[in-house]
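Thanks for coming, everyone. Please take a moment with the sequence and the model, and then I'll walk you through a few helix contacts.

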Amino acid sequence: MTVTHSENQAARGRYGAPPSLLARIFQNPYAGALISLLIIGAFLTISQPVFLTWGNLMNVVKSNSVAFVLALGATYVVISGAVDLSVASATAASAMIFGFLMLTGLPAPVAIAAAIAFGALLGAINGVLISYFRISFFVVTLGTLSMFQSFALIANDGASISVFSAPGFKMINTFVNGNIGPVPVILVFDMTLLLLAGGILRYTAFGRALYAIGANAEAARLNGIDVKRVMLVVFVIAGLMAGLGSVVQVGRLTSAPAEVDPTLLLTVLAAVLIGGTAFTGGEGGVFGTMIGVLFLGVIQNGLTLSGVSSFWQGMVSGAILIMAVWLGGLRQLLRRRRQSAL
């Protein structure tokens, strides 16, 4: 059968035509969160004049630095096709270790290194159980969520550890609350961490293997990728970030809290998913996670400036998380349909 030129043109128009601008924006995993952030920022700028001041914007950065550090590690885990539910509890447990070491008079760099190493150890426990004992990541991290939180409570009988008078606290306080001119030190640290995490994902064999595992773990294994080792490293990175986040948290609070922040895990996961990282794995990146953290931080800041009760903040974050997952699933469905049509 001969296909006429007009029929061929019609077929290309139906299946091969480039997507519209609106479709391209919707299919971009970062665009939705970025546009929403700009819209909300514009609204708050008009309704709350103090919002756009440098001091308030830097307050948003500082108050969300812990969530940002944890969300970078969580991005790696979600790209691999898993979820770490224990990250907030691991942060609390690492903070207790950090607090005890600070009180002993150890130099601050040694205490920081120990807290990070302890967090990495907790991540390794998750990674070994998931990768080598083949236990579901949901079961393992749900169990360690409870175990790490109990450790934090047992460590000091449920009481916080104040480090304000510790010899090395001045260095920690400068790191978390100090400035280089008008720029907070913690902002410089966050951007450095973002570039490092993004560079690993984009330019290393480990990053490529991570995306391959998230897309199809069995196909990745058949192509020679050591799936077990990569997954172990992923959870070690998440634990390492929990240890690093505990240092930032202690610096902000001037104490190591035994209680786990009940909204921290939700904020971290919501930021990752809002930023376009697919909960099914194989897609996403840390740049989107940064947008997700800023989006949630601006929402929280806007509610505070507007005098809305903090009790509503969890409801708003939860609703945004559900919407982000739904939009991510819809975006993947439309992409698959277009690929099938082409």
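Start with helix 4 and helix 15. Helix 4 passes helix 15 in a right-handed crossing. Helix 4 covers residues 54-63. The two axes come within 9 Å, and they cross at roughly 125°. That angle makes helix 4 oblique to helix 15. Who meets whom? On the helix 4 side we have Asn56, Asn59 and Val60. On the helix 15 side they meet Gly297, Val298, Asn301 and Leu305. By class, the residues of this contact are three nonpolar and four polar, with no charged ones.

A word on what you are looking at. This is a predicted model. The protein chain has 342 residues, and 46% of them count as buried. There are 16 helices and four strands in the chain. Now take contacts between residues at least 6 apart in sequence: 80% of those join residues at least 24 apart.

Back to helix 15, with another partner. Helix 14 runs over residues 264-274, and helix 15 over residues 286-305. Their axes come within 7 Å and cross at roughly 125°. The crossing of helix 14 past helix 15 is right-handed. Helix 14 brings Thr267, Ala270, Ala271, Val272 and Ile274 to the contact. Helix 15 brings Gly288, Thr289, Gly292, Val293, Phe295 and Leu296. Sort the residues of this contact of helix 14 with helix 15, and you get seven nonpolar, four polar and no charged.

Stay on helix 14. How many of its 11 residues are buried? The count is 10, so helix 14 is largely enclosed by the rest of the structure. Buried residues of helix 14 include Leu264, Leu265, Val268, Leu269 and Leu273. Thr267, Ala270, Ala271, Val272 and Ile274 are buried too; those five also belong to the contact with helix 15. After helix 14 comes Gly276, which has a positive phi, near 100°.

Next, helix 6 and helix 7. Helix 6 spans residues 87-103. Helix 7 spans residues 108-131. They pack at an angle of about 150°, with their axes 9 Å apart. That makes helix 6 roughly antiparallel to helix 7. Helix 6 passes helix 7 in a right-handed crossing. From helix 6, the contact uses Ala90, Ala93, Ser94, Ile97, Phe98, Leu101 and Met102. From helix 7, it uses Ala108, Ala111, Ile112, Ala114, Ala115, Phe118, Gly119 and Leu122. The contact of helix 6 with helix 7 has 13 nonpolar residues and two polar ones, and no charged residues.

One last stop, also on helix 7. Find Asn126, which sits in that helix. Is Asn126 buried or exposed? Asn126 has 1% relative accessibility. The cut-off for buried is under 20%. So Asn126 counts as buried. Which side chain does it pair with? The side chains of Asn126 and Thr144 are joined by a polar contact of 2.9 Å. Leave out residues up to four places away in sequence, and Asn126 touches Asp84, Ser86, Val140, Thr141, Thr144, Phe148 and Phe235.

That's the tour. I'm happy to take questions.

Technical notes:
Residues numbered from 1 in each chain as written. Predicted model: local features only at pLDDT ≥ 70, side-chain atom pairs only at ≥ 80, totals over all residues. Heavy atoms only, no water. Helix = DSSP H or I, 4+ residues; strand = E, 2+ residues; numbered from the N terminus. Buried < 20%, exposed > 50% of the residue type's maximum accessible area, 1.4 Å probe, protein only. Polar contact = N/O pair within 3.5 Å; in protein donor to acceptor, adjacent residues only side chain to side chain. Contact = heavy atoms within 4.5 Å. Axes fitted to C-alpha atoms, helices over the stretch in contact; angles between N-to-C directions. Left-handed = near helix turned anticlockwise from the far one by under 90°. Nonpolar A, V, L, I, M, F, W, Y, C, P; charged D, E, K, R; others polar. Parallel < 35°, antiparallel > 145°, perpendicular 65-115°, else oblique.
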